[in-house]
Amino acid sequence: MRLTTDYMGLELKNPLIISASPFSNHPDVCEELQSHGVSAIVMHSLFEEQINAELHEVDHMLFHGKDSFSEALDFFPENEFENYEIDLYIERLHTLKKRLEIPVIASLNGVSRGGWLGYAKTLQDEGADALELNIYFPAVDPDVDAATIEKEYLDVIGSVRKEISIPMAVKEHMVHFVEFGVD
């Protein structure tokens, strides 16, 4: 019996793929899943919003009010702050790539054009076998037509596709709002 399949251009020994989940945070679990026949692992999503919030929080904690007193002007040394969320994600990617023989698929949920492009390129350069894009543009403005929303999705997908060469899948999240009248 032939179980091999093609997913996003990746030749897999079977169609059993572990979807984006916390499993990717545990290399031992991923190794066990591989030994039980899993043919690929999708890492949990890297959220650009988390990265931005983390950087904003670090900036706020370190620099809020630093110019309030002349004594504080040199209180903090000049420092290039790292982006800990992306560094941790890349570290997990490297660990999985070292310990697994099956493809490791990164997952990205961006919010800005620069985030989509930059993080997609970084994940490719750091060794992801493929990339899953999680796209979510809430359609909440009744004055924006479906064609405009569709164009936003296609623009992101096209831009990322031009930036990376690894296989890519798109997962779209639609939220439908229903308005209820109040009596």
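**View 1. The buried side of helix H1.** Helix H1 (residues 27–35) has Pro27, Cys30, Leu33 and Gln34 as its buried residues; buried means under 20% relative accessible area, exposed over 50% and partly exposed in between, with a 1.4 Å probe and protein chains only. These four sit on the same side of H1 because they cover an arc of only 115° around the axis, taken from the directions from the helix axis to the C-beta atoms. Across on the other side, Asp28 and Ser35 are exposed. Helices (H or I, at least four residues) and strands (E, at least two) are DSSP runs numbered from the N terminus. This is a predicted model, where local features need pLDDT of at least 70 and side-chain atom pairs pLDDT 80 or more, while totals for chains, interfaces and linings use all residues. Residues are numbered from 1 along each chain as its sequence is written, and side-chain values use heavy atoms, without hydrogens and water.

**View 2. What H1 packs against.** The buried residues of H1 are in contact (heavy atoms within 4.5 Å) with strand S3 (17–18), strand S4 (40–47) and helix H3 (84–99). Just after H1, look for Gly37, with its positive phi of about 110°.

View 3. Asp28 and Arg99 form a salt bridge, with closest N and O atoms 2.2 Å apart; the term asks for a side-chain nitrogen of Lys or Arg within 4 Å of a carboxyl oxygen of Asp or Glu. Asp28 in helix H1 and Arg99 in helix H3 are 71 residues apart. Glu31 also meets Arg99 in a salt bridge, at 2.7 Å from N to O.
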